Amino acid sequence: MTNKKWVPYLLLAPGALWLAIFFLTPMFNLGATSLYDPSGSLETGYVMNGHVGNYVDALSEYWPQFLRSFIFAAIATVLALVIAYPLAYAIALKSGKWKNILLVLVIAPFFTSFLLRTLAWTAILGDNSSFVHFLQNIHILPEGGRILATPFAVVMGLTYNFLPFMTLPLFTSLEKVDPRLIEAAGDLYSKPFTGFRRVVLPLSMPGVVAGTLLTFIPASGDYINAQLLGGIKNTTMIGNVIDRAFLERGAYPTAAALSFVLMAAIVILVATYVKRAGTEELV
Amino acid sequence: MDQIGGDLRLVSLRKEFGDFVAVDDIDILIPKGSFFALLGPSGCGKTTTLRMVAGLELPTAGQILIGDHDIAPLKPYNRPVNTVFQSYALFPHLDIYENVAFGLRRRGIKDVSAQVDAMLSLVELDAFARRKPSQLSGGQQQRVALARALINRPEVLLLDEPLGALDLKLRRQMQLELKRIQTEVGITFVHVTHDQEEAMTMADTIAVMNQGKVEQLGSPMDLYENPRTTFVANFLGQSNLLTGEVVERGDFVGVKVWGNQIKIPASRVATSNSKVWVGVRPEKIYISAESNHAHDHLGNQLVGTVLERSYIGVSTQFIVEIPGFLDDEKIIVFEQNVDASEVMAGDRVRISWDPAHTFALDAKQDAYAGDVLAETE
């Protein structure tokens with residue numbers, strides 16, 4: 001008998017190596033950058049002096065964009081949940097032979113690039129689009145009112161782009177619900193809605209938690225929707241701030257500090273949420 | 001809903017799925033407080049019938065009466081009927097206590113603890129109240145399903161193949177348990193099963209169903225001793241069915257079976273047709289050496305040769321060939337193993353049975369209907 005203790009380590013090695021090179025190293029790098037002296041630049045080089053002030057500056061200057069990001073992401077997550085739940089329920093429990101086709105349709109947007117689809121929305125929501133004219137004609141939108149470049153457009157774009165990430169986990173957990181449980185609830189004096197609330201909804205909670213996380217986390221850090229569908233005022237998200245700090249202003253220490261604050265904030269929010277949702281099955 | 005009560009009556013109940021008639025105008029009366037079984041092979045319409053009573057399928061036509069009240073138009077949650085589902089359908093996110101309390105809570109009953117405790121002790125699961133269904137064995141889950149339904153004190157309790165998922169030994173034990181609980185609570189039980197032994201052990205009355213119709217309805221003994229169709233004769237136990245022709249009628253009907261005269265009491269002849277199947281159960285027949293005339297007094301007798309003899313433990317089975325009979329009309333005989341049998345394979349034998357154990361069925365019916373072994377071949 002040869003000792004095979006090393007086999008698990010061998011199997012783990014490629015993944016561990018990948019994480020070390022493509023996750024840990026950049027993270028360490030980013031962490032170091034966030035503590036550089038901010039007076040340096042790409043041309044002149046940076047001095048490492050443990051400048052914690054980068055974090056203070058990042059928070060004090062950009063807290064409104066942080067707050068806005070989380071509010072936009074939260075609204076988009078709730079909207080996506082409201083839209084995706086009935087959709088996933090219908091596909092999982094009511095669609096019969098159409099199930100696979102409907103699932104393909106949910107995934108279909110991924111066949112086109114995220115960027116292109118968001119650009120398409122600029123045309124749909126543009127000031128001269130028939131959609132905007134229609135809203136103006138029925139007086140939902142005032143004469144000369146806009147949709148593009150408003151918070152509404154950004155939240156809508158976020159909701160649209162992350163909808164499949166909400167739908168798929170919901171579908172997976174709803175599909176596992178045995179239809180006989182719904183019959184049993186009816187047999188035990190539950191009207192259809194009560195049966196849903198007492199049986200189907202609790203059983204689909206793992207899907208709700210997974211879907212909201214998969215929507216909220218990327219939506220919080222997103223900058224494409226705000227950039228393409230947003231305007232100058234009231235639509236800038238923290239992702240746009242980081243993007244500009246890195247690529248336009250070359251303010252690397254600030255950008256790195258902002259990235260770390262964003263990560264920390266998301267981890268805290270998500271941890272609190274998962275704890276409150278109390279889904280031991282999730283872990 | 002509390003005022004609904006009484007016998008359960010299905011009146012011309014019919015269910016069609018597209019062109020397929022699953023339940024074909026059945027009429028059944030199930031007395032209040034009885035243990036009733038719907039017995040039949042899969043696809044015979046028994047589960048559809050049950051689901052219509054539960055309200056999970058809508059009848060195409062007909063009435064479902066409890067007392068004088070037609071419950072067919074009522075939604076499942078408004079019926080005084082509860083179901084023990086096949087494979088139980090326990091709520092996996094709730095513990096045993098909450099599973100059992102579910103029906104009471106939905107009816108707005110605040111203090112459920114006394115009733116839940118009493119029900120858990122009736123099914124002997126007191127110690128498991130805070131476990132989840134997945135932590136219980138099959139037999140325990142079955143008892144939770146029963147408690148969850150019974151706690152609501154329904155007028156009718158429906159059981160859909162409740163023991164199907166259990167192993168043989170546990171099934172036997174649960175049969176007795178179910179019977180005990182039914183006697184204790186006095187609620188009408190309607191039990192759907194394809195297992196004839198299960199139906200006979202528990203039910204007061206059995207309806208044997210086949211192709212959407214009730215073949216015969218009666219007590220287990222009635223059905224077994226005096227089947228009225230070939231389907232019942234084969235589906236419940238085993239029967240020898242022999243080609244016969246009625247030659248004289250009276251209190252006893254005389255039938256010629258390939259030249260041999262057989263007597264049958266007139267009450268046990270289920271047809272006016274003169275071409276009949278003469279039936280006799282294998283265990284009603286005595287087998288002895290041809291020279292042994294000890295059973296001559298019984299009345300019906302044939303002489304033949306033992307083709308096969310197999311020792312089963314509790315009994316010995318003989319396959320006897322009678323000269324002049326068709327190839328597939330060999331007679332099967334079961335002999336209880338009290339003493340070692342005197343008869344060996346190849347022996348000439350005399351087989352005898354009482355006319356009171358003979359029955360006659362319409363020869364137009366398929367001799368193999370309901371014969372599980374013949375149909376799977």
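Predicted model: local features only at pLDDT ≥ 70, side-chain atom pairs only at ≥ 80, totals over all residues.
Residues are numbered from 1 along each chain as written, with chains lettered from A and ligands numbered from 1 in written order. Local features need pLDDT of at least 70, side-chain atom pairs count only at pLDDT 80 or more, totals for chains, interfaces and linings use all residues, and side-chain values use heavy atoms, leaving out hydrogens and water.

Student: How far apart are the centres of domain 1 and domain 2 of chain B?
Tutor: Start with the bounds, which come from an automatic or database domain assignment: domain 1 is 8-225 and domain 2 is 230-376. Taken over C-alpha atoms, the centres are separated by 38 Å.

Student: What area is buried between domain 1 and domain 2 of chain B?
Tutor: Buried area is the accessible area (1.4 Å probe) that two parts lose on being put together, summed over both. Carbon and sulfur atoms give 62% of it here, and the total is about 1,100 Å².

Student: Which residues in domain 1 of chain B lose the most area to domain 2 of chain B?
Tutor: Three of them together make up 52% of what that side buries. They're Q196(B), Y224(B) and E225(B).

Student: Which residue forms a salt bridge with E225(B)?
Tutor: The rule wants a side-chain nitrogen of Lys or Arg within 4 Å of a carboxyl oxygen of Asp or Glu, and it finds one salt bridge across this interface. With the closest N and O atoms 3.1 Å apart, the partner of E225(B) is K284(B).
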